Amino acid sequence: MRYWTLFLLIAAISCSPTVSVYHDYDRQFDLSSYKSYDWKMVGRTESNQNPLYDNELTSKRIKAAVDKELMAKRYQMTSESPGLLVHYHIVIEDKSVVIREPDAHNYSPYWLGSDMNAYQYKEGTLIIDLMDAESNALIWRGWAVAILEEVNPKDTESRLNKTIQRILEGLPASATK
């Protein structure tokens, strides 16, 4: 029975492209009044960088996908007096889950109980921030959280594009025409 539960957990983690998406924003700012954006360079230190996930290839893919989605919402990219500054963060955390085996029993002299098994996995979060360029205030944040799995590198770009599209669905379009 123990192997069956392990199989189900691995199947759920590896086969499930479940991505949870969230948004938050400052209600004092009218996002639809912004017309332009530019990328804000955020200094990264080696200690918070996981080169497997946070690297130059990933950065190019994220920026291209964000640019595509923002332009579809009528925001124009410009380096001269942008209204918004965009940057992103990647957070990778080690997580674990404990699963009780209901049909496997642990017989001890003091207690009849179920076996417990702990399974380790990595959880990844991609955060996209939009900041008011004038005040440098964070005015909109969208993020996606998913269990990281081994993915064929050929699928990385399409999965990243879909995730960023879902994150930015919560952003209102620019009022410019």
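## Core, rings and charges

Student: What does the largest nonpolar core look like, and which residues have the most contacts inside it?
Tutor: The model is predicted. Its largest nonpolar core has 26 residues. Those with the most contacts inside it are Ile62, Val66, Tyr75, Val86, Leu126, Ile164 and Leu171.

Student: Take valine 66. What does it touch, not counting residues up to four places away in sequence?
Tutor: Valine 66 touches Trp39, Val86, Ile128, Ile164 and Leu168.

Student: Trp39 again. How many aromatic pairs are there?
Tutor: The count comes to 2 aromatic pairs. In one of them, the rings of tryptophan 39 and tyrosine 88 have centres 6.5 Å apart.

Student: Why is that pair edge-to-face?
Tutor: The planes of tryptophan 39 and tyrosine 88 stand at 80°, so the pair is edge-to-face. The cut-off for that label is over 60 degrees.

Student: Tryptophan 39 and tyrosine 88: buried or exposed?
Tutor: Tryptophan 39 counts as buried, at 12% relative accessibility. Tyrosine 88 is buried too, with a relative accessible area of 5%.

Student: Which residue lies over the face of tryptophan 39?
Tutor: Lysine 63 does, at 5.6 Å from the ring centre. Elsewhere, arginine 27 lies over the face of tyrosine 25, at 4.3 Å from the ring centre.

Student: New topic. How many salt bridges are there?
Tutor: The count comes to 4 salt bridges. One of them joins lysine 60 and glutamate 56, with the closest N and O atoms 3.6 Å apart.

Student: How many residues apart are lysine 60 and glutamate 56 in helix α2?
Tutor: They are 4 residues apart in helix α2, so about one helical turn separates them. Lysine 60 counts as exposed at 53% relative accessibility. Glutamate 56 is exposed as well, with a relative accessible area of 58%.

Student: Which side chain meets aspartate 94 in a salt bridge?
Tutor: That of lysine 122, at 2.5 Å, N to O. Aspartate 94 is in strand β4 and lysine 122 in strand β5, 28 residues apart. Aspartate 94 counts as exposed, at 59% relative accessibility. Lysine 122 is partly exposed, with a relative accessible area of 31%.

Student: And which side chain meets glutamate 123?
Tutor: The side chain of lysine 95, in a salt bridge of 3.8 Å, N to O. Glutamate 123 is in strand β5 and lysine 95 in strand β4. Glutamate 123 is buried, with a relative accessible area of 17%. Lysine 95 counts as partly exposed, at 29% relative accessibility.

Student: Last one. Where is lysine 73 found?
Tutor: In the loop between α2 (56-72) and β3 (76-77).

Student: Why does lysine 73 count as buried?
Tutor: Its relative accessibility is 17%. Buried means under 20%, so lysine 73 falls in that class.

Student: What is lysine 73 in contact with, leaving aside its neighbours within four places in sequence?
Tutor: Lysine 73 is in contact with Leu168, Glu169, Leu171, Pro172, Ala173 and Ser174. Also, lysine 73 and lysine 35 are 38 residues apart in sequence and 9.8 Å apart in space, C-alpha to C-alpha.

How values were computed
Residues are numbered from 1 along each chain as its sequence is written. This is a predicted model: local features need pLDDT of at least 70, side-chain atom pairs count only at pLDDT 80 or more; totals for chains, interfaces and linings use all residues. Side-chain values use heavy atoms; hydrogens and water are left out. Helices (H or I, at least four residues) and strands (E, at least two) are DSSP runs, numbered from the N terminus. Buried means under 20% relative accessible area, exposed over 50%, partly exposed in between (1.4 Å probe, protein chains only). Contact means heavy atoms within 4.5 Å. A nonpolar core is a set of buried Ala, Val, Leu, Ile, Met, Phe, Trp, Tyr and Cys residues joined through side-chain atoms within 4.5 Å. Rings of Phe, Tyr and Trp (its six-membered ring) pair if their centres lie within 6.5 Å; planes under 30 degrees apart count as stacked, over 60 as edge-to-face and the rest as tilted. A charge sits over a ring if NZ of Lys or CZ of Arg is within 6 Å of the ring centre and within 35 degrees of the ring normal.
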